[in-house]
Amino acid sequence: MLIEMFKFIFAGISIGFDAFLKMLPIYNQLSGIKEQLIASVIGVPVIIVSIIFLIPTIIKIIKKIF
């Protein structure tokens, strides 16, 4: 029970921190830089990395529709 309590507390803190970061204007810039860094490390165009990051979101939308 104690372990589950810490899991819930940690989940709440991480969600709150994520929401705080998304409010900052620099968050979108950091997200774009992250995709560019991953693309340069792998050696593929940035559009490929962006599409790969969009696949889970597209799957969630399709599951909600059907």
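**A nonpolar patch and a pocket**

Helix α3 gives the most to the nonpolar patch, with 7 residues. The model is predicted, so local features need pLDDT of at least 70 and side-chain atom pairs pLDDT 80 or more, while totals for chains, interfaces and linings use all residues. Residues are numbered from 1 along each chain as its sequence is written, and side-chain values use heavy atoms, without hydrogens and water.

The patch covers about 910 Å² of surface, and I38, I42, I48 and F53 are among its residues. Two or more residues come from each of α2 (26-42) and α3 (46-65). Helices here are DSSP runs of H or I with at least four residues, numbered from the N terminus. A patch takes residues with over 30% relative accessible area and no salt bridge, and nonpolar side chains are joined within 5 Å. A salt bridge is a side-chain nitrogen of Lys or Arg within 4 Å of a carboxyl oxygen of Asp or Glu. Areas come from the Shrake-Rupley method with a 1.4 Å probe.

I42 is found in α2. I42 counts as exposed because its relative accessibility is 57%, and exposed means over 50%.

The largest pocket holds about 170 Å³ of space. α2 and α3 each give two or more residues to its lining. S31, K34, E35, F53, L54 and T57 form this lining. A pocket is an open set of points on a 1 Å grid with protein on both sides within 12 Å along at least five of seven lines, and lining residues have an atom within 4 Å of a point.

K7 lies in helix α1 (residues 2-23). The C-alpha atoms of K7 and L54 are 28 Å apart.

Definitions and conventions: Patch = residues over 30% accessible without salt bridge, like charges linked within 9 Å, V, L, I, M, F, W, Y side chains within 5 Å. Buried < 20%, exposed > 50% of the residue type's maximum accessible area, 1.4 Å probe, protein only. 1 Å grid on protein atoms, 1.4 Å probe; cavity = no way out; pocket = protein on both sides within 12 Å on 5 of 7 lines; lining within 4 Å. Points joined across faces, edges and corners; volume = space filled by probe spheres on them.
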